[in-house]
Structures are given as structure tokens and as C-alpha cells.
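Thanks for asking me to look this one over. Here is the structure, followed by my notes.

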Amino acid sequence: MVDAGIYFTVFYLGKKEGAIVGGLSAFLIDLLSSAPQWMFISLFIHGAQGYFAGLKGGYRPLGLLLATVVMVGGYALSSVFMYGTGASIAELVPNFCQNGLGIVIGWLLYQAFKRVQSPNFKLKLATHKKFTRRLVVQAFFRVIINPIFDKSDFFQSRFLGSFW
């Protein structure tokens, strides 16, 4: 979801970086997916969304509101010209929900990232290095290696059945 990445970038780096990430990521996703007709529209809309969302201090709520209006309104206006008024109206609620969910996920990722970068977390991690390394190795083997060789596993029959 592009919006979560935009909002995470905005919360962590700022409005200029949010505009760059928003515009270019949406442009590339539309270019590489099955919607190249939207790529230049997405470049502008998500770039503006990232810029407005990056307003700091007391202007942050206003910036998030402007970012939502730009994204939802921009796609609604573009849809009128591409597909007609009916399709534009039908897109309003899903685009609003997508934007709201992007704000929430971006904020949660930002908070988690801040916590991981805090000195207290690094100190806790340093005291449990042996446990953490062992846990990572165990998780790797359980998720990656075991499904390859386990005959009773669901993935074996689906993905590796033709190899045995």
C-alpha cells in the first residue's frame, strides 16, 4: 500500500522526502502494474499527498487533512474524465478508507521504528544477543528450510511436488 509508505516517510523524514517517495513510488507501481494510464496522475497526486502530510507542529492535522483531500479528490476528479461520474463517486469511500488506513499503518510503523532505534531497545538487544541470534536461526529454519524437506507440509505438495 503506497499510502502507508508515504506516511511513514513523512513522519520519519519530512515533507520533501514524502513528496519524492509518494510521487515516484506511485508512478513506478502504476507503470509496472496494469494501470499505466494512471502513472502521471499518481505522480502528481501522491507527491502532493506526501508534501502536505509533512507539515510539522500544530499544522500536522491540517496537513493530514489536506493530504487526504488531495488524494481522494484528485483521484475522484481524474476518474470523472476517465470513466465518468458514477465510477468517480464509487471510488470516494474506498480511497478515503485506503488513505485513513495508510495514516494509521504509517504512524504505527514510525512508532515501532522509533522504538527500535531508541538507546533502551539497543541496550536490551545487546544483553540478549545469544538468545536473539538463536531465535533468528530457529525462525529461519522453521519458515524456510522445514517446508522444503517436510513431506507432510502444505507447501511441499503445492510448490515442490513436481521436484520429487
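This is a predicted model: local features need pLDDT of at least 70, side-chain atom pairs count only at pLDDT 80 or more; totals for chains, interfaces and linings use all residues.

1. Residues are numbered from 1 along each chain as its sequence is written, and side-chain values use heavy atoms, with hydrogens and water left out.

2. Start with helix 3 and helix 4, whose axes come within 7 Å and cross at roughly 165° (axes are lines fitted to C-alpha atoms over the stretch in contact, with angles from 0 to 180 degrees between N-to-C directions; helices are DSSP runs of H or I, at least four residues, numbered from the N terminus). That makes helix 3 roughly antiparallel to helix 4 (angles over 145 degrees).

3. Which residues of helix 3 meet helix 4? They are Ile41, Ser42, Ile45, His46, Ala48, Gln49, Phe52 and Ala53, where contact means heavy atoms within 4.5 Å. Their partners in helix 4 include Gly63, Leu66, Val70 and Gly74.

4. Helix 1 (residues 2-12) also packs on helix 4 (residues 60-83), at an angle of about 155° and with the axes 13 Å apart.

5. Finally, Ser42, His46, Met71 and Tyr75 are among the residues that line the largest pocket (an open set of points on a 1 Å grid over the protein atoms alone, where a 1.4 Å probe fits, with protein on both sides within 12 Å along at least five of seven lines; lining residues have an atom within 4 Å of a point).

Notes. Helices (H or I, at least four residues) and strands (E, at least two) are DSSP runs, numbered from the N terminus. Angles under 35 degrees count as roughly parallel, over 145 as roughly antiparallel, 65 to 115 as roughly perpendicular and the rest as oblique.
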